[in-house]
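Visitor: Hi, I'm new to this one. Could you walk me through it?

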Amino acid sequence: MSQTTKTTTLLVIGGGPGGYVAAIRAGQLGVPTILVEGERLGGTCLNIGCIPSKALIHAAEEYEKARHYADGSALGISVTSPSIDIARTVAWKDGIVGKLTGGVAALLKKNGVEVVQGWARLLDGKTAEVETAAGPVRIQCEHLLLAAGSEPTPLPSVPFGGMVVSSTEALSPADIPKKLVVVGGGYIGLELGTVYRKLGAEVAVVEAQDRILPTYDAELTKPVAAALAKMGVELHLGRKVLGLNGKGNAVRVQDASGAETQLPADRVLIAVGRRPRTQGWGLESLQLDRHGNALRIDDQCRTSMRDVWAIGDIAGEPMLAHRAMAQGEMVAELVAGKRRHFTPASIPAVCFTDPEVVVSGLSPADAERAGLDCLSASFPFAANGRAMTLESTDGFVRVVARRDNHLVVGWQAVGRGVSELAAAFSQSLEMGATLEDVAGTIHAHPTLGEAVQEAALKALGHALHI
Ligand code: FAD
Ligand code: NAD
């Protein structure tokens, strides 16, 4: 087949949240843009990440609720013999994914972005070759945006295959295993471990560190650990995974003293992190500066090569969709000639466990490490009326503010539904709010958000409801 050549101003490699947002914004700004996607528009987030995991979390929660009511409930609700058809659940989840990825395709089209379907191979910093169904296409550009994302990190002692799966397979199960061993007590391990437990599997989590979600402070993760224990999820902390046993039906783990135990399993989910997708498509030949496995970028997402940009997971932590999107939007504006820098006051993070955890800005320990003299105060959901009506009084909201001028520098919360507080947290940080600003804002009653105002009041020494 003969080769076609195309030229463009901006060439985006990867149609995940970083790449597709960059392309949409570039299109809005009139920058001729081609986006190359090897698999499906929407990338990890829409197809095999954020969205499908949150859909399954919701389905599992609803099923658990039904089972809870089947056991009788103080609310007077009763349910008879709830059951779940996992094939229908997965089809429902796929329907949401389909709607969103179709929406991305429509938005790209509306904004004049040309999408080339196929895997790109870089020839140099201005040229890529794509194997498409219609034959090879060579694309030349002025600006190259690398948005190729990340992939699950394999564990050499328990390689992927058969019953050993990554989050991708775990999000489309044909059935629910009787015994699931999850390796990694981070975001994916705990979000999906909780899903499988609620869907009826016996779940054991093996974590190398001595506590779950080790990137968050211990006080925040305590309610999550307590809820997992109540649910019956076994936590094996500070353990090393040695491999599968001879029969392939148990995971061999070792504790700090060297003692070995076997955890029976008919499925194993490996969730020990993700690695930037930097190999196998010609990127190495560009010899870009690295930061560990990730591409090194500056505060405009420029790599070490002129007019070669990188955003999202390929540029390392935090590997979060909203960070990728914000970087993508900025790069498009820079390519269009606007003046921008990536200097957010915070990149919020949410772990959708039950209860959820949300952080934005500095924790008390972060503030101390940064040399700031701060005060912090927590308000418990046990003293919040809305939390009581939702039967979810575990958890709290915590604020961190400078002692001298009361500038808020961080928020943390743990509790059911607290993910939605991320907006208030990040807005207050971005707008430079003080404790007095938050304490003086009328918060609607009864809402979980009142705990935000009360935390600020408590930091000022006059909380009203505790
Ligand atoms: P990706 O979304 O990985 O997209 C990269 C795209 O590039 C892919 O579509 C890939 O096919 C394509 N590509 C790669 N190489 C080439 C090539 N050579 N040629 C053509 N195309 C190529 N983040 C959150 O913020 N919130 C969450 O709740 C959340 N949940 C998650 C749950 C799971 C199970 C997982 C795995 C991740 C989750 N994440 C979440 C992380 C989030 O998915 C990523 O941070 C985000 O998708 C990164 O976006 P990206 O654009 O950098 O890369
Ligand atoms: P993670 O970094 O959140 O957790 C990995 C965990 O595995 C860590 O606790 C680590 O200590 C542990 N670990 C590492 N090696 C181990 C080993 N050999 N044995 C036992 N434990 C080991 O990574 P993840 O859960 O795979 O998720 C990948 C990334 O995807 C996250 O960092 C996050 O950026 C993104 N993600 C985000 C969300 C969200 O925003 N809600 C949800 C899922 C994934």
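Guide: We'll go through the ligands and then the core. This is a predicted model, in which local features need pLDDT of at least 70 and side-chain atom pairs count only at pLDDT 80 or more, while totals for chains, interfaces and linings use all residues. Residues are numbered from 1 along each chain as its sequence is written, chains are lettered from A and ligands numbered from 1 in the order in which they are written, and side-chain values use heavy atoms, leaving out hydrogens and water.

Visitor: Okay, how many residues surround ligand 1?

Guide: There are 39, with E37, T44, K54, D313 and A321 the closest. A residue counts as near if one of its heavy atoms lies within 4 Å of the ligand.

Visitor: How far is A321's backbone from ligand 1?

Guide: A polar backbone atom of A321 is 2.8 Å from an oxygen atom of ligand 1. For G18, a backbone N or O atom lies 2.9 Å from an oxygen atom of the ligand.

Visitor: How much of ligand 1 does the protein bury?

Guide: Taken alone, ligand 1 exposes 990 Å², and the protein buries 94% of that. Those areas come from the Shrake-Rupley method with a 1.4 Å probe.

Visitor: Switching over, which residues come nearest to ligand 2?

Guide: I188, E191, E207, M319 and V350, out of 23 around it. An oxygen atom of ligand 2 is 2.6 Å from a polar backbone atom of M319. Taken alone, ligand 2 exposes 840 Å², of which the protein buries 79%.

Visitor: Which element gives the most there?

Guide: Helix 6 does, with four residues of the shell around ligand 2.

Visitor: Last topic: which residues touch the most others in the largest nonpolar core?

Guide: V195, V203, Y216 and V357, out of 35 residues. A nonpolar core is a set of buried (under 20% relative accessible area, 1.4 Å probe, protein chains only) Ala, Val, Leu, Ile, Met, Phe, Trp, Tyr and Cys residues joined through side-chain atoms within 4.5 Å.

Technical notes: Polar contact = N/O pair within 3.5 Å; in protein donor to acceptor, adjacent residues only side chain to side chain. Buried < 20%, exposed > 50% of the residue type's maximum accessible area, 1.4 Å probe, protein only. Helix = DSSP H or I, 4+ residues; strand = E, 2+ residues; numbered from the N terminus.
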